[in-house]
Amino acid sequence: MENTKHHFQALKTLACAAATAALALFAVAAQAAPVNLALASNGSEATQSSTYNTRHDGMVPNAGQAIDGNTDGDWYGVSTITHTQLESQPWWQVSLGAGAALIKEIDIWNRTDCCSNRLNDFNVTVLRGGNVVWQSLNNSWLSALPEAIFDIPSVIGDTVRISLNRTDYLSLAEVQVWGTTASAVPEPGSLALVGLGLGAVGLSRRRGNRPA
Ligand SMILES: [Ca+2]
């Protein structure tokens, strides 16, 4: 009987230790502030299906213009906007310098001097190792604001892709991928718990309208 009691207490101790560790992990994850993983300064690299002509001032509207940290959408100002050629189903994507990371939110900044309607019937996709882990399809740019926010249910991905389903130019002033780097992501057994923690953080910093 005594051994049974001790055994129970030992199990209870282990259970408490596991719960304490899980709660500590949750607290750490919840406190980890999301960062913009897409920034070129964080080692991320962007590519796109084609690149429009070099501007008169020598600026090349390549894919990297959307991860330079400048959200200005005025093509005729200090332009930091991507621009593909007119083509069928143009695409842009960023490979995160952090590698696989817990992604919570994607903010897309559109061109503002004109042509915001070009960003319609578009898809936002998160990939990991080339496999799709999250998608939002056939979005319309409904807001007059320059920014659209996509809340992501805390998926782990290494690449974010934006694509049109039709023939047009694809221009993006900036794409921000908010999440937590791999160094702050614990082992897989605890990922669901961490996801809940980051979800609360993500909701608190929502700033704008989300396309339908
Ligand atoms: Ca930019």
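Which residue in β11 is the bridge partner of N36? W178 in β11 is the bridge partner of N36. The views below take up this pair and its surroundings.

**View 1. The whole chain is a predicted model with two helices and 11 strands.** Residues are numbered from 1 along each chain as its sequence is written. In this predicted model, local features need pLDDT of at least 70 and side-chain atom pairs count only at pLDDT 80 or more, while totals for chains, interfaces and linings use all residues. Helices (H or I, at least four residues) and strands (E, at least two) are DSSP runs, numbered from the N terminus. From that end, the elements run α-β-β-β-β-β-β-β-β-β-β-β-α. The chain has 212 residues, and 32% of them count as buried. Buried means that 20 or more other C-beta atoms lie within 10 Å of the residue's own; exposed means 12 or fewer, and partly exposed lies in between, with C-beta atoms placed from the backbone. Two residues are in contact if their C-beta atoms, placed from the backbone, lie within 7 Å. Among contacts between residues at least 6 apart in sequence, 79% join residues at least 24 apart.

**View 2. Four strands form an open sheet in the order β1-β11-β5-β8.** Their pairing is antiparallel. β1 (35-36) and β8 (147-157) stand at the edges, each with a single partner strand, so one side of each is left without a neighbour in the sheet. Two strands pair if DSSP finds at least two bridges between them. β1 meets that count with β11 (residues 174-180), through two antiparallel bridges.

**View 3. E147 lies in strand β8.** Is E147 buried or partly exposed? E147 counts as partly exposed because it has 17 C-beta neighbours inside 10 Å.

**View 4. Strand β4 (residues 91-95) has a covered and an uncovered face.** W92 and V94 make up the covered face. W91, Q93 and S95 make up the uncovered one. Strand β2 (residues 45-48) pairs with β4 in the antiparallel sense over four bridges. In this pairing, A46 stands opposite V94.

**View 5. Strand β9 (residues 159-164) runs antiparallel to β4, joined by five bridges.** W91 has S163 as its bridge partner in β9. Q93 has R161. β6 also runs antiparallel to β9, with six bridges between them. Here R161 is the bridge partner of T125.

**View 6. The largest nonpolar core holds 34 residues.** A nonpolar core is a set of buried Ala, Val, Leu, Ile, Met, Phe, Trp, Tyr and Cys residues joined through C-beta atoms within 7 Å. A38, A66, V94, L172, V175 and V177 touch the most other members. Two or more residues come from each of β4, β5 (101-109), β6 (122-128), β8, β9 and β11. β5 gives the most, with six. Leaving aside neighbours within four places in sequence, V94 contacts A38, S44, A46, I67, T159, V160, V175 and V177.

**View 7. pLDDT stays under 50 over residues 1-28 and over residues 189-212.** pLDDT is the predictor's confidence in each residue, from 0 to 100. Residues 1-28 have eight contacts beyond four places in sequence in the model. Residues 189-212 have 48 such contacts. The chain averages 79, and 71% of the residues score at least 70.
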